[in-house]
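Visitor: I'd like to learn how to read the local features of a model like this one. Can we go through a few together?

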Amino acid sequence: MSGKPRLTYLNGRGRMEPIRWLLGAAGVEFEETFLETREEYEKLIKGGSLLFQQVPLVEIDGMKMVQTRAILSYIAGKYNLYGKDLKERALIDMYVEGITDLMQMILMFPFSPPEEKEKNFNSIKEKATNRYFPVFEKVLKQHGQDFLVGNKCSWADVQLIEAILAVEEKIPAVLLAFPQLQAFKIRMSNMPTIKKFLQPGSPRKPPPDDHYVETVLKIFKN
Amino acid sequence: MSGKPKLHYFNGRGRMETIRWLLAAAGVEFEECFLETKDDLKKLQKEGSLLFQQVPMVEIDGMKMVQTRAIMNYIATKHNLYGKDLKERALIDMYVEGIIDLNELLMVYVFQPADKKEQHFANIVDKATNRYFPVYEKVLKDHGHDFLVGNQFSRADVQLLETLLMAEECKPDILAKFPLLQSFKARISNIPTIKKFLQPGSQRKPPTDEKDVPKVMKIFY
């Protein structure tokens, strides 16, 4: 046993990507097992490893953790990315939950029926530019610090840089009206652990393509 | 200012109910401000009270908190309902996230179009009895304690009770095959703060009726 966390998921972003980001940002090396077929998934279920028969699964510190938020909270708590007290945690939680709502739209987008793709794309653009990005632009402007909460890198910053890059993949000019976020993006991208995670050959996964969508539908039939 | 938390939502369960449960279980008195029309929501949005333009919003300890999970995490920690260390928190989080997934299915049932209701109902029963309830039945069986985690009352117990009762509203005999969940339900319901919350006249909200659906839709859409 290597002692490194082991991630079990498909070979793609999906619900595991924020976990890869957070471990990457914390400088924690991890291993991955990729599910390729329905049979592998069913075998995992039969083996009793999945509390609610679902992945993501992260084996970490003797636990078989499931449920993305539970896993992220644990990692954030363990690696001091969750603020210094209850009030900072409250802020981090609010910011993370907002960003997660935006990321959920991006997560589901490849699975939209063709006739809804344009509507969903516009919805992502509208929500990013009118609901979510303005909040974080304002937070950074008001305190003038490098990070969202408590003048220290936290889970919220990692979640935000992930979201910014994901939205930019779809809407390259999305940060035009957000100078604070542009500077934030550069700053975060240059942090050593994140810089490493953004380089080719890292565990970061590419955007979902048709093959990924097919694999998801095949493995997670229900 | 009363010092009591103030909850902003419509007069119904929705995404606020789980927050009402946790505050009540912790013995915390709270006030409520009900949105009745879209204009009420717009007013809150215009005055900048809603970080992401959405409710639930809870005014607590000088903060205007939004996002159900953020609010729940804060209340749970403040009132010692979140385990004693990181590992107990991890277990509580896993259990709670599973309960929330089931809760989502229950919550949206009343909003399903007529032609989808039957299938949705079948899905609720299938997931409750085959995916979620067996997990909590086994947890209780394996350790034989009164509470889910750490032999101590936590938010996981409160959220599980809430969901068990909602599931029973959906299908009264849904706990038939789960003796430990039945005794858990009786035990947790008898905790004084929860017993009080379960009595008529408390701030617990009734299930959303089909006839209330159009009114709710008008506020949010």
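Guide: Let's start with B:Q67, which sits in the loop between β4 and α3 of chain B. Helices (H or I, at least four residues) and strands (E, at least two) are DSSP runs, numbered from the N terminus. This is a predicted model, in which local features need pLDDT of at least 70 and side-chain atom pairs count only at pLDDT 80 or more, while totals for chains, interfaces and linings use all residues. Residues are numbered from 1 along each chain as its sequence is written, chains are lettered from A and ligands numbered from 1 in the order in which they are written, and side-chain values use heavy atoms, with hydrogens and water left out.

Visitor: What is the phi of B:Q67? And is B:Q67 buried or exposed?

Guide: Phi is positive, about 75°, although B:Q67 is not a glycine. With a relative accessible area of 12%, B:Q67 is buried (buried means under 20%, exposed over 50%, partly exposed in between, with a 1.4 Å probe and protein chains only).

Visitor: Which loop holds A:D61, and what is its phi?

Guide: A:D61 belongs to the loop between β3 and β4 (63-66) of chain A. Its phi is positive too, near 50°, in a residue other than glycine. Its relative accessible area is 32%, so A:D61 counts as partly exposed.

Visitor: Next, peptide bonds. What is omega between A:V55 and A:P56, and between B:V55 and B:P56?

Guide: In chain A the bond joining A:V55 and A:P56 is cis, with omega about 10°. In chain B the bond from B:V55 to B:P56 is cis, with omega near 5°. You'll find A:P56 in the loop between α2 (38-46) and β3 (57-60) of chain A, and B:P56 in the loop between α2 (38-46) and β3 (57-60) of chain B.

Visitor: On to helices. How do I read a packed pair?

Guide: Two packed helices are described by the angle between their axes and the distance between the axes. Here α1 (17-25) and α3 (68-78) of chain B pack at about 5°, with axes 10 Å apart. Axes are lines fitted to C-alpha atoms, for helices over the stretch in contact, and angles run from 0 to 180 degrees between N-to-C directions. α1(B) and α3(B) are therefore roughly parallel (under 35 degrees; over 145 is roughly antiparallel, 65 to 115 roughly perpendicular, the rest oblique).

Visitor: Which residues of α1(B) and α3(B) meet?

Guide: B:T18, B:I19, B:L22 and B:L23 in α1(B) meet B:T68, B:I71, B:M72, B:I75 and B:A76 in α3(B), where contact means heavy atoms within 4.5 Å. That contact splits into 7 nonpolar, 2 polar and no charged residues. Ala, Val, Leu, Ile, Met, Phe, Trp, Tyr, Cys and Pro count as nonpolar, Asp, Glu, Lys and Arg as charged, and the others, Gly among them, as polar.

Visitor: How many residues of α3(B) are buried?

Guide: 9 of its 11 residues are buried, so α3(B) is largely enclosed by the rest of the structure. The buried residues include B:R69, B:N73 and B:Y74. After α3(B) comes B:N80, with a positive phi near 55°.

Visitor: Which residues line the second largest cavity?

Guide: A:A70, A:S73, A:Y74, B:L86, B:R89, B:A90 and B:D93. That space is about 30 Å³, and α4(B) gives the most to its lining, 4 residues.

Visitor: What is the volume of the second largest pocket?

Guide: About 540 Å³. A:V135, A:K138, A:V139, B:G48 and B:L51 lie nearest its centre, out of 19 lining residues. α5(A) gives the most to that lining, 8 residues.

Note on methods:
1 Å grid on protein atoms, 1.4 Å probe; cavity = no way out; pocket = protein on both sides within 12 Å on 5 of 7 lines; lining within 4 Å. Points joined across faces, edges and corners; volume = space filled by probe spheres on them.
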